[in-house]
Every structure is written in structure tokens, then in C-alpha cells.
Amino acid sequence: MIIAKSRLISLKQLEQSDLPILWQWRNDNHFMDSCSKRKNILSFEKFEQELSSDFKKDRHIQCIVKKEDKSIGTI
């Protein structure tokens, strides 16, 4: 579901189909060094468990930032 759209970007509510790109970003060394206290690479299954646990604790709506059809970040 599109939450907001401008001429350059759109915000799309996180869906199951977005998990592979989030998993890729989560396991990226640059991301782990810059944006996370977590330093271990996870399997997709472990990532799903981690994300589910995170949403139970402190997450609100999470959106994917898209430029054209490419996912470029989250908010």
C-alpha cells in the first residue's frame, strides 16, 4: 500500500514481499558497522524471527522508500 508519493519518491508500507531486500540490507557489512549493534549475519529464517521480535517490542508502521521501482531505504 502506498502511504505517500511525490514526484521523485514514494513510501510504501512494508509487506512480506519486501523482506528479501530488508534481509540483504540487514546482513550488509556497511549497515552493520554504521547502523546496528548487531554484528552477526543471519539466515533468512533467523532474520524473520528477529524482525518479528523487533516489531513486538518497539516498531510502528515501517515503510520502504522507493525511487521509481527501486527500494532505497526504510523509514
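**A group of rings and its surroundings**

Modeller: Start in helix 3, which holds both Phe44 and Phe47; the two are three residues apart, or about one turn of the helix. Keep in mind that this model is predicted.

How many aromatic pairs are there? With ring centres required to lie within 6.5 Å, the count is two aromatic pairs. One of them is Trp23 with Phe44, an edge-to-face pair whose centres are 5.4 Å apart and whose planes stand at 90 degrees. Trp23 belongs to helix 1 and Phe44 to helix 3 (residues 44-58), so this pair ties together parts that lie 21 residues apart in sequence. Trp23 is partly exposed, at a relative accessible area of 30%, and Phe44 is also partly exposed, at 23%. The rings of Phe44 and Phe47 make a tilted pair, because their planes meet at 45 degrees, with the centres 6.4 Å apart. An angle over 60 degrees would have made the pair edge-to-face, and one under 30 degrees would have made it stacked.

Is Phe47 buried or exposed? Phe47 is buried, because its relative accessibility is 4% and the limit for buried is under 20%. Taken together, the ring pairs link Trp23, Phe44 and Phe47 into a cluster.

Phe47 leads on to another residue, Arg26. Leaving aside residues up to four places away in sequence, Arg26 touches Phe31, Met32, Arg38, Asn40, Leu42, Phe47 and Glu50. Arg26 lies in helix 1, which spans residues 19-26, the helix that also contains Trp23. At a relative accessible area of 5%, Arg26 counts as buried. Its side chain has a polar atom 2.9 Å from the backbone oxygen of Asn40, one of the residues that Arg26 touches.

Now step back to the whole chain. It has three helices and four strands, and along the sequence they follow the pattern β-β-α-α-α-β-β. The four strands form an open sheet in the order 1-2-3-4, paired in antiparallel fashion. Strand 1 (2-5) and strand 4 are the edge strands, each pairing on one side only. From one strand to the next, the twist averages 30 degrees. Helix 1, the helix of Trp23, packs on this sheet and touches strand 3 and strand 4; the direction of the helix makes about 60 degrees with that of strand 4.

The last pairing is between strand 3 (residues 63-67) and strand 4 (residues 70-74), which run antiparallel and are joined by four bridges. Across them, Lys66 stands opposite Ser71 of strand 4, and Val65 has Gly73 as its bridge partner. The hairpin between these strands has two residues, and in it Glu68 takes a positive phi near 60 degrees.

A few totals complete the picture. Of the 75 residues in the chain, 29% are buried; Phe47 and Arg26 are among them. Among contacts with a separation of 6 or more, 46% are between residues 24 or more positions apart. Along the principal axes, the C-alpha atoms fill a box of roughly 35 × 25 × 20 Å.

How values were computed:
Residues are numbered from 1 along each chain as its sequence is written. This is a predicted model: local features need pLDDT of at least 70, side-chain atom pairs count only at pLDDT 80 or more; totals for chains, interfaces and linings use all residues. Side-chain values use heavy atoms; hydrogens and water are left out. Buried means under 20% relative accessible area, exposed over 50%, partly exposed in between (1.4 Å probe, protein chains only). A polar contact is a pair of N or O atoms within 3.5 Å; within protein, one must be able to donate a hydrogen and the other to accept it, and residues adjacent in sequence count only if both atoms are side-chain atoms. Contact means heavy atoms within 4.5 Å. Two strands pair if DSSP finds at least two bridges between them. Axes are lines fitted to C-alpha atoms, for helices over the stretch in contact, and angles run from 0 to 180 degrees between N-to-C directions. Rings of Phe, Tyr and Trp (its six-membered ring) pair if their centres lie within 6.5 Å; planes under 30 degrees apart count as stacked, over 60 as edge-to-face and the rest as tilted.
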